[in-house]
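Welcome! Open your viewer, get your selection tool ready, and let's take a short walk through this protein together.

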Amino acid sequence: MDLMNWAFRQYLDMFFIVFIDDILKYLRSENEHNNHLRIVLQNLKDQHLFAMFSICEFLVLTILEGTYGFVVYCDTSRIRLGCVLMKNQRVIAYGSRQLKIHEKNYPTHDLELAAVVFALMIWRNYCMVFM
């Protein structure tokens, strides 16, 4: 992580952040994507760092703007809880976690409610913006 932070120190928090060995790139429009990706890849090449794109996953998130029009989708299975915060059909944030041992005995209705509570807990900072 220190190596990646050092290699990208001039660009950190401008349009991406480094988390362990992952690069999370964010942008306000799709037009910025190609230019920022070119900068990141050129910097990796200049620093003699190599990205393994064969095992990368790309997830497009959007930046939070405004306070209206948000939708939360929650779902559960007998293994996990999951939730997605969306605005204008774009993903703002997502989260999931495994069920705890005692939660595996809950009925479906209670698990759905647990997913909603989980979403509110992890996005409480977003919720404060809305109030």
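Start with the whole chain: among contacts (heavy atoms within 4.5 Å) between residues at least 6 apart in sequence, 43% join residues at least 24 apart. Keep in mind that this is a predicted model, where local features need pLDDT of at least 70 and side-chain atom pairs count only at pLDDT 80 or more, while totals for chains, interfaces and linings use all residues. Residues are numbered from 1 along each chain as its sequence is written, and side-chain values use heavy atoms, leaving out hydrogens and water.

Now switch to a cartoon view. You will find 4 helices and 5 strands, which are DSSP runs numbered from the N terminus (helices H or I, at least four residues; strands E, at least two). From the N terminus on, they run α-β-β-α-β-β-β-α-α.

Next, select Leu81, Cys83, Leu85 and Trp123. They have the most contacts inside the largest nonpolar core, a set of 13 residues. Such a core consists of buried Ala, Val, Leu, Ile, Met, Phe, Trp, Tyr and Cys residues joined through side-chain atoms within 4.5 Å. Buried means under 20% relative accessible area, exposed over 50%, and partly exposed in between (1.4 Å probe, protein chains only). Strand S4 (80-87), strand S5 (90-98) and helix H3 (108-122) each give two or more residues to this core, with H3 giving the most, 5 residues.

Zoom in on Trp123: leaving aside residues up to four places away in sequence, Trp123 touches Val72, Cys83, Val84, Leu85, Ala93, Tyr94 and Gly95. Then select Ala7, Phe15, Leu44 and Leu49, which are among the 9 residues of a second, separate core.

Finally, pick Ile122 in helix H3. Ile122 counts as partly exposed because its relative accessibility is 36%.
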